[in-house]
Amino acid sequence: MVIEAYSHQQRSFGENYVQELLEKASNPKILSSCPEIKWHFIGHLQKQNVNKLMAVPNLFMLETADSVKLADK
């Protein structure tokens, strides 16, 4: 569905869960078919998932951070 939406000019995509975002953003078919994709993380971010989130290819924006400490991390 991501590739289909991308083919119709959609470029920004959001995901609530870090693991699901990482799986989609690292999918070789999506990576090769959607070079200008911009991923937004829109869910609750836990401290233990910050490094995983930073490894997401084409991560464009973190929409939510519920503490200064988390934002600093």
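Let's start with a definition: a residue is called buried when its relative accessible area is under 20%, exposed when that area is over 50%, and partly exposed in between (1.4 Å probe, protein chains only). Glu36 is exposed by that rule, with a relative accessible area of 52%.

This is a predicted model, in which local features need pLDDT of at least 70, side-chain atom pairs count only at pLDDT 80 or more, and totals for chains, interfaces and linings use all residues. Residues are numbered from 1 along each chain as its sequence is written, and side-chain values use heavy atoms, with hydrogens and water left out.

**Stop 1: the sheet**

Switch to a cartoon view and find the sheet. Three strands make up an open sheet in the order S1-S2-S3, with parallel pairing. Strands (E, at least two residues) and helices (H or I, at least four residues) are DSSP runs, numbered from the N terminus, and two strands pair if DSSP finds at least two bridges between them. As background, strands of a sheet pair through backbone hydrogen bonds, either parallel or antiparallel.

Which strands stand at the edges of this sheet? They are S1 and S3 (59–62); each has a single partner strand, so one side of each is left without a neighbour in the sheet. From one strand to the next, the twist averages 25°, where axes are lines fitted to C-alpha atoms (for helices over the stretch in contact) and angles run from 0 to 180 degrees between N-to-C directions.

Now colour helix H2 (residues 18–25). H2 packs on the sheet and touches S1, S2 and S3; contact means heavy atoms within 4.5 Å. The direction of H2 makes about 170° with that of S2.

Zoom in on the strand pairs next. S1 and S2 pair in the parallel sense over four bridges, and Ser12 stands opposite Lys38 in S2. Three bridges join S2 to S3. There, look for His40 opposite Met61 in S3, and for Phe41, whose bridge partner in S3 is Leu62.

**Stop 2: the aromatic pair**

Select Phe13 and Trp39 and show their side chains. A search of the whole structure finds one aromatic pair, and Phe13 and Trp39 form it, tilted, at 5.8 Å centre to centre with 50° between the planes. Rings of Phe, Tyr and Trp (its six-membered ring) pair if their centres lie within 6.5 Å; planes under 30 degrees apart count as stacked, over 60 as edge-to-face and the rest as tilted. The pair links distant parts of the chain: Phe13 belongs to strand S1 (residues 12–15) and Trp39 to strand S2 (residues 38–41), 26 residues apart. Both residues are buried.

**Stop 3: the salt bridges**

The structure holds two salt bridges, each defined as a side-chain nitrogen of Lys or Arg within 4 Å of a carboxyl oxygen of Asp or Glu.

Select Arg11 and Glu36 to see one of them, at 3.6 Å, N to O. Arg11 lies in the loop between helix H1 (2–7) and S1, and Glu36 in the loop between helix H3 (28–33) and S2, so the pair ties together parts that are 25 residues apart in sequence. Arg11 is partly exposed, at 22% relative accessible area.

Next, select Lys24 and Glu15, whose side chains meet in a salt bridge at 2.6 Å, N to O.

**Stop 4: charges over rings**

Arg11 lies over the face of Tyr6, at 3.7 Å from the ring centre. A charge sits over a ring if NZ of Lys or CZ of Arg is within 6 Å of the ring centre and within 35 degrees of the ring normal. Lys38 likewise lies over the face of Phe60, at 4.8 Å from the ring centre.

**Stop 5: three loop residues**

Select Pro35, in the loop between H3 and S2. Pro35 is exposed, with a relative accessible area of 58%. Not counting residues up to four places away in sequence, Pro35 touches Tyr6 and Asn58.

Move on to Asn58, in the loop between helix H4 (50–54) and S3. Asn58 has a positive phi of about 65° although it is not a glycine, and is partly exposed at 35% relative accessible area.

Finish at Gln9, in the loop between H1 and S1. Gln9 is not a glycine, yet has a positive phi of about 80°. Gln9 counts as exposed, at 58% relative accessibility.
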